[in-house]
Amino acid sequence: MKCTDDSCDLPHCRKCHGHTLGATICEGCTIEEETAERAWDSATPEVLAIALNTAAEWHSDQAGKGLAALRLSSTRKVQSEDHRADLIRELGDDIAYCESYEDGKTEDFDPQHELGRLRCLLNIIKRAPVGKEWLTTREMFAQHERLHREGVI
Ligand SMILES: [Zn+2]
Ligand SMILES: [Zn+2]
């Protein structure tokens, strides 16, 4: 919970500015960072292919928006820290949209499913090294073909 008291002299988390027990970041933010770190470290080619597919689909759903996601899905890498920041902002908007979607699940849109895959993509993006290609074109093509055949994407 963010502290908004300017005169407060308790220790604050440097990420969320909530109160901590003397640590530089709070427990919640620590768990979030560890989850983000593991997402990149443990991502298999299949997970990376699904994440790139999510980026491509969320881009194509929004006219004139999602340009950072388009750059990710077409180059299969985080190109710079600016690109990463743009991706985090864009996905934050997409996640907020799904979270506020109140009409429930439809045939074309399942907000809970979308939230799961957007958060997975976001966690990978947070720790992916700049300039590192997630998959080669060839690997992407092979994964894509198999995932399609199995009905995953
Ligand atoms: Zn405070
Ligand atoms: Zn925090």
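The structure is a predicted model. Its largest nonpolar core has 21 residues. Helices α4 and α5 pack with their axes 10 Å apart. H17 and R76 each stand out for a positive phi.

**The nonpolar core**

- Five residues touch the most other members of the largest nonpolar core: A51, A55, L87, L121 and I125.
- The top contributor is α2, which gives 7 residues.
- A51 touches C120, L121 and I124, leaving aside residues up to four places away in sequence.

**Helix α5**

- This helix has 17 residues.
- From its first C-alpha to its last, α5 reaches 25 Å. That is close to the 24 Å expected at 1.5 Å a residue.
- The buried residues of α5 are L118, L121, L122, N123, I124 and I125.
- L121 and I124 are among these buried residues, and both are touched by A51.
- L121 and I125 are also buried in α5, and both belong to the group that touches the most other core members.

**How α4 and α5 pack**

- The angle between α4 and α5 is about 165°.
- Angles over 145 degrees count as roughly antiparallel, so α4 and α5 are roughly antiparallel to each other.
- Their crossing is left-handed.
- On the α4 side, the contact is made by R84, L87, I88, L91, D94, I95, C98 and E99.
- On the α5 side, the contact is made by P111, E114, L115, L118, R119, L121, L122 and I125.
- L87, L121 and I125 take part in this contact. They are also among the residues that touch the most other members of the core.

- Most residues other than glycine have a negative phi.
- H17 is not a glycine, yet its phi is positive, at about 60°.
- H17 lies in the segment before α1 (27–41).
- H17 has 14 other C-beta atoms within 10 Å, so it is partly exposed.
- R76 is also a residue other than glycine, and its phi is near 60°.
- R76 sits in the loop between α3 and α4.
- R76 has 20 other C-beta atoms within 10 Å. A residue is buried if that count is 20 or more, so R76 is buried.

Terms used. Residues are numbered from 1 along each chain as its sequence is written. Chains are lettered from A and ligands numbered from 1 in the order in which they are written. This is a predicted model: local features need pLDDT of at least 70, side-chain atom pairs count only at pLDDT 80 or more; totals for chains, interfaces and linings use all residues. A nonpolar core is a set of buried Ala, Val, Leu, Ile, Met, Phe, Trp, Tyr and Cys residues joined through C-beta atoms within 7 Å. A residue is buried if 20 or more other C-beta atoms lie within 10 Å of its own, exposed if 12 or fewer, and partly exposed in between; C-beta atoms are placed from the backbone. Helices (H or I, at least four residues) and strands (E, at least two) are DSSP runs, numbered from the N terminus. Two residues are in contact if their C-beta atoms, placed from the backbone, lie within 7 Å. The expected span of a helix is 1.5 Å times one less than its number of residues. Axes are lines fitted to C-alpha atoms, for helices over the stretch in contact, and angles run from 0 to 180 degrees between N-to-C directions. Angles under 35 degrees count as roughly parallel, over 145 as roughly antiparallel, 65 to 115 as roughly perpendicular and the rest as oblique. A crossing is left-handed if the near helix is turned anticlockwise from the far one by less than a right angle, and right-handed if clockwise.
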